[in-house]
Each structure stands twice: as structure tokens, then as C-alpha cells.
Amino acid sequence: MAAEAAGPAGPGTGSGGGTGLTDLPGELLELILCCDVLGAADIGRVSCTCRRLREACQPRGKVWRERFRLRWPSLLKYYSHSDSVSWLEEYKARHNAGLEAQRIVASFSKRFFSEHVPCDGFSDIETLGCPSHFFEDELMCILNMEGRKGLTWKYYAKKILYFLRQQNILKNLKEYLQRPTERQSFLEGAVLIDQYCNPLSDICLKSVQAQVDDITDKVRKVLRTKNPRHPSVASKAGEVLIPEVELQRQVLDAMNCVLYEQLKYKGNELDYYNSLNSYIHQVLIRRTGIPISLSVLYLTIARQLGVKLEPVNFPSHFLLRWCQGKEGSTDIFDYTYIDAFGKGKQLTVKECEYLIGHHVTEEFYGVVTSKEVLQRMVGNLLNLGKRESTDQSYQLLRDSLDLYLAMYPDNVQHLMLQARLYFHLGIWPEKVLDILQHIQALDPSQHGAVGYLVQHTLEHIERRKEELGPEVKHRSDEKHKEVCFSIGLIMKHKRYGYNCVIYGWDPACMMGHEWIRNMNVHSLPHGPHQPFYNVLVEDGSCRYAAQENLEYNSEPREIPHPDIGRYFSEFTGLHYLANTELEIRYPEDLELTRATVQKIYSSGKE
């Protein structure tokens with residue numbers, strides 16, 4: 001009836017000759033069309049009804065801009081108010097980018113479940129036909145999905161986003177290194193290193209600089225109370241260096257007051273080898289760091305206040321130097337040396353040697369470039385990555401090697417370390433061969449080490465080619481009758497007390513004799529002749545546990561393991577659901593898992 005009544009009256013009028021939608025003032029009409037209960041499809045249909053509504057929903061107008069903002073609010077930062085943008089086309093492009101991102105993420109589990117994502121696994125992403133920030137935004141939408149579902153999607157979305165951001169940061173780093181030295185900010189270099197090692201964190205130069213500016217303003221306030229006419233009190237004082245040594249001293253005294261007395265910055269002596277000490281955004285958050293990270297902060301603030309300090313690559317303890325004599329002097333005794341790690345203490349040459357406990361030659365008191373500062377920062381991270389054999393340490397080692405080789409691509413020592421690392425981790429064998437070929441071309445004397453790695457890498461590639469497909473384990477097989485537990489169950493280790501989830505099992509221990517001996521498996525009552533389980537542990541490790549050492553967890557909870565999404569699609573609250581790829585390998589486990597959960601936890605509640 002409503003349609004029949006509207007027909008004769010026309011699209012612009014209501015029944016009984018009242019005012020219709022199209023008779024409303026333009027601003028009110030736009031306000032209605034921008035209502036968040038309308039979707040893009042609704043707006044599309046409305047714009048097809050008549051000329052008046054088509055004009056109200058024009059591609060560059062407010063309606064489509066609002067539709068874009070409501071759907072993807074974080075993307076508006078990429079546009080300025082002066083841009084002439086077809087919001088309808090941007091909406092379509094972002095929508096299509098989302099579909100493409102979902103397609104790629106969904107394909108990764110099937111393609112790469114059995115191996116680490118290879119170098120060429122991201123080739124689809126590198127040739128995207130859409131703006132990269134649209135693609136990244138969809139990945140962030142996947143990562144931010146609420147609830148405990150979509151774990152596999154989140155796992156691979158995270159890997160893809162990690163790759164994309166690191167590639168972009170490497171481009172920025174290479175552009176930074178190509179600039180003239182005077183345009184290479186020490187702070188920007190530190191931020192680039194921080195971003196590369198923490199690509200999923202929200203770190204940007206603008207934010208870090210704002211925090212440094214805030215500290216600088218606090219120093220100005222202290223200076224103003226001591227010397228109201230000091231030239232650094234002006235907000236743009238850093239544009240001109242202060243020539244008078246006494247005025248420079250006043251700046252440094254005010255800096256020490258603010259940094260070390262008011263804000264309580266300090267060198268992290270208790271946890272010196274924590275990688276967070278090397279990341280500038282963490283230094284600002286935690287107000288602690290190591291000599292080089294604190295020196296970058298100290299130097300940056302000093303320069304903004306008109307005092308020129310220079311970085312000194314002193315062995316074992318990074319320092320800054322402050323000229324007391326003629327500018328550009330080559331005499332090391334014309335400088336005072338500043339220990340930012342030691343609360344800004346000013347040192348003589350002799351006191352610098354006391355600091356490290358031995359004499360050093362004059363060359364170690366010389367100034368270094370921003371590239372050399374970055375090299376030392378990355379070198380610190382490299383050494384931290386070598387300290388432990390954990391997944392986190394290996395990732396840090398990989399990231400720091402990438403950074404080092406971006407600065408020094410022909411460094412044979414670090415190329416060899418990268419090749420050995422990939423070989424040890426069993427990843428990217430084709431890239432290992434490329435690296436080894438490059439090493440051989442740079443330094444033929446490395447042929448012995450190169451030949452060994454080439455031979456074993458080729459064997460690895462051949463073994464991979466011979467793999468027939470996933471091994472399928474049926475619980476109904478007679479040889480599996482002793483296997484008591486199933487995929488997805490939350491367990492507890494009887495001896496060590498850790499919580500874990502089962503993601504694989506064998507009817508007996510499948511490790512080699514050396515592992516069995518080292519782990520003292522024969523001391524167990526059933527030795528190696530019992531089922532063993534692959535488990536993801538809450539501390540981030542992967543372990544191989546004997547059946548007699550595991551028991552049901554009386555209080556099952558999520559296991560915070562980085563690889564949880566590789567194997568599971570959902571956490572139900574009591575157990576994990578295997579994803580498609582894991583379920584193919586253990587097709588009969590899900591039924592047993594559900595029955596076990598029902599039996600163990602339902603009876604407990606009763």
C-alpha cells in the first residue's frame with residue numbers, strides 16, 4: 001500500500017502532499033544519509049532513485065566520506081582536508097583490498113603449515129594492486145577481531161604485517177643512509193632500528209620527537225629559573241649553537257637536573273642485557289637504558305637547546321664529548337666526556353679509562369658518524385640475540401642481521417652468520433644458497449665453510465622434495481591404542497608444573513638416541529616406549545613430553561604461545577580446536593577431545 005501511495009505522488013513528496021525526503025534542505029538530507037545505521041549498499045541504492053538523491057550521494061561528497069570514516073576510521077590520517085578525493089572510489093578500493101587480504105591470509109595455512117613461510121611466500125603481497133596502507137588496515141582488522149576465534153587467520157595476518165612493515169622500514173633506513181651526514185638525525189636512526197625490531201608496535205618518529213620536546217621544555221623551565229636571559233630559554237634556540245662555554249654548562253646542568261633528578265632516568269645496571277634498553281621508545285617509557293640509547297637521548301636534547309655534543313664510540317661504554325677548547329680540535333684533552341648512563345657525569349680522559357679499567361689509544365676518543373652509531377646499536381642487539389637459544393632470541397638475531405646487512409651488505413662475517421642461522425633454523429634453504437654464493441664471490445677463501453653449508457642445504461632441499469605429504473595418524477590404528485590424550489587438550493606437566501596444549505603425538509618416542517640420553521628418558525618407568533606429545537608451553541617454548549608426565553589441567557586456560565594460531569583455529573574456553581591443516585593430520589582426535597572435555601570438566605562441575 002505504501003508503494004502504491006508513493007507512486008502517483010512522485011519521489012519528492014509524501015502521501016497527502018506532505019514534505020518528502022527529497023524536499024528536505026541539503027544539510028539535513030546529508031545528515032540523514034550519514035546515519036550509521038545505513039550501509040554502503042543502502043547509500044548505493046538510494047543514489048539510484050532520483051537525481052536529487054544522486055547529487056546528495058555524489059562520490060566526492062560528505063555522505064561517502066562519512067561512510068568511509070565510519071567503516072575505517074584509522075585511514076583518515078592519510079588524507080588532508082584540501083585533497084579532492086572520490087570517497088566512493090576509495091571505499092571500493094579499500095573494500096577490494098580487504099577481500100584480497102582475506103584471500104591471501106586464508107591461503108597461507110594450507111600453503112605453509114608444514115614449513116616456515118619461505119622468502120618467496122610473500123611474492124603475492126609485493127605485487128599488490130592496491131595501496132599498501134589499505135592492505136595493512138585489513139590485516140589490523142583481522143588481528144583486532146574480538147573473541148577467541150580466528151586464531152589461524154590472526155597468526156598469518158601477523159606474519160604478513162610483520163613482513164610488510166619491515167620491508168617499508170628497510171626502505172626508509174636505506175633512504176636515511178643515503179642522505180648527507182648533517183641530515184642524519186641520531187634520534188631518527190634510533191627510531192628506525194626500534195621500528196624494525198618491533199614492527200607491530202605503534203612507534204613513529206613524530207611521537208618520539210614529541211616526548212623529547214616535552215623533556216626539552218622542562219629543561220627550559222629550569223634554565224629560566226636559573227638564568228631568565230639564557231638564549232636557550234627561547235623555544236627555537238636549537239637553531240643556533242651557543243658559543244659561550246659557561247652558557248653551555250648551564251644547559252647541561254639543567255638537563256641533568258631534569259633527566260636524572262626530576263624524571264629519574266638512570267642506567268639499567270640491574271637488567272643491562274634486556275633488549276628493551278636498546279629501543280628508544282622503551283627508554284622513554286621506562287626511563288632507563290644502556291649507555292648508547294641514553295646518549296642518543298641526551299645528545300638530542302642538548303642540540304635542541306643549542307649545545308653541540310658529539311658521539312664517541314668508546315670501548316665497552318658509549319660516551320659523548322663536549323668541546324672546551326677550539327671547535328674541531330683534534331686534541332682529546334680539549335674535550336670533557338659525558339656519561340649519560342652515569343647520570344650525565346662529566347669525565348676527563350683519565351677518568352674515562354678508570355670507567356672501563358684499562359688504557360685506550362687516542363683513536364677511541366674520536367667522534368663517530370650517525371651510521372657508526374647505528375652500527376653499534378645493531379651490534380648490541382646482535383650480541384643479545386646470540387646469548388640464548390630461544391625463539392625470541394633467534395628473531396632478534398634475524399632482525400639485527402637484516403639491519404646490519406642493510407648498512408653493510410658485503411660484510412662476509414655477518415653474511416656467513418645469517419646463512420648459518422637460517423640453516424640452523426631449517427628455513428629458507430634457497431636464500432641460504434644465494435647468500436653462500438654471494439660470500440664465495442666476495443671472499444673465495446671461505447670455500448671450505450661455504451662448501452659444507454651448500455652440501456647440507458642441497459640435501460635439505462632434496463629431502464623436502466621427497467616428502468609425500470602430511471602423515472595422517474588415526475587413533476583407531478592398533479599401533480596407537482596406548483595414546484591416551486588428544487589434540488587440543490590443555491595439560492599440566494606433573495614434574496615441572498607448566499601448562500601446555502597438545503598439538504601432536506607419537507605412539508613412542510621418535511627422537512634420536514642422543515636426545516633420549518640427554519633428556520634421561522630411560523629413567524622414566526616406561527622409558528621411550530610410551531606415547532610422547534608435542535606441546536606448546538605457556539612460556540613460549542615447544543616441548544616433547546612423555547605421556548606419564550602429563551595430566552589433565554584442572555583449570556584449563558588459554559596458552560599464550562606465539563605459534564598457537566599455526567595449529568588451532570579457536571579456544572573454546574576448555575580446549576583448543578585444531579585448524580583444518582592439523583585436523584587433516586589427526587582426523588579422529590576432535591571427537592575424543594570433546595568427549596574427554598565433557599567427561600573431565602562436566603563431572604567436576606557436578
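The expected span of a helix is 1.5 Å times one less than its number of residues. Helices (H or I, at least four residues) and strands (E, at least two) are DSSP runs, numbered from the N terminus. In helix 14 (residues 291-304), the 14 residues should span 20 Å at 1.5 Å a residue, and the end C-alpha atoms are 20 Å apart, which agrees.

The structure is a predicted model, in which local features need pLDDT of at least 70 and side-chain atom pairs count only at pLDDT 80 or more, while totals for chains, interfaces and linings use all residues. Residues are numbered from 1 along each chain as its sequence is written, and side-chain values use heavy atoms, with hydrogens and water left out.

The protein as a whole has 24 helices and 13 strands. Its C-alpha trace spans about 90 × 90 × 60 Å along the principal axes. Of the 606 residues, 48% are buried (under 20% relative accessible area; exposed is over 50% and partly exposed lies in between, with a 1.4 Å probe and protein chains only). A contact means heavy atoms within 4.5 Å. Among the contacts with a separation of 6 or more, 59% are between residues 24 or more positions apart.

Helix 14 also shows how burial applies to an element. Because 13 of its 14 residues are buried, helix 14 is largely enclosed by the rest of the structure. After helix 14 comes Gly306, which has a positive phi near 90°. Leaving aside residues up to four places away in sequence, Glu138 touches Arg94, Gly98, Ala101 and Gln102.

The strands come next. Two strands pair if DSSP finds at least two bridges between them. Five strands, in the order 10-9-8-7-11, form an open sheet with antiparallel pairing. Strand 10 and strand 11 (550-552) stand at the edges with a single partner strand each, so one side of each has no neighbour in the sheet. On average, neighbouring strands of this sheet are turned by 50° against each other, direction ignored; the axes used for such angles are lines fitted to C-alpha atoms, for helices over the stretch in contact, and angles run from 0 to 180 degrees between N-to-C directions.

Within this sheet, strand 8 (residues 499-506) pairs with strand 9 over six bridges in the antiparallel sense, and Val501 stands opposite Leu536 in strand 9. Strand 9 pairs with strand 10 over five antiparallel bridges, where Tyr533 is opposite Ala545 in strand 10. Strands 9 and 10 form a hairpin with four residues between them, and Gly540 in the turn has a positive phi of about 95°.

Another open sheet has four strands in the order 3-4-5-6, again with antiparallel pairing. Its edge strands, strand 3 (310-312) and strand 6 (345-347), each pair on one side only. Strand 4 (residues 319-323) and strand 5 (residues 335-339) are joined in the antiparallel sense by four bridges. Trp322 has Thr336 in strand 5 as its bridge partner.

Rings of Phe, Tyr and Trp (its six-membered ring) pair if their centres lie within 6.5 Å; planes under 30 degrees apart count as stacked, over 60 as edge-to-face and the rest as tilted. A search of the whole structure finds 26 aromatic pairs. In one of them, the ring centres of Phe113 and Tyr567 are 5.6 Å apart and the planes stand at 85°, so the pair is edge-to-face. This pair links distant parts of the chain, as Phe113 is in the loop between helix 6 (87-112) and helix 7 (123-126) and Tyr567 is in helix 22 (residues 564-567), 454 residues apart. Phe113 counts as buried at 6% relative accessibility, and Tyr567 is buried at 11%.

The aromatic pair of Phe532 and Tyr544 is tilted, with 5.2 Å from centre to centre and 35° between the planes. Phe532 lies in strand 9 (residues 532-537) and Tyr544 in strand 10 (residues 542-546), so the pair ties together parts twelve residues apart in sequence. Both Phe532 and Tyr544 are buried.

Charged groups also meet rings. A charge sits over a ring if NZ of Lys or CZ of Arg is within 6 Å of the ring centre and within 35 degrees of the ring normal. Lys371 lies over the face of Tyr408, 4.6 Å from the ring centre, and the charged end of Arg387 sits over the ring of Tyr273, 4.1 Å from its centre.
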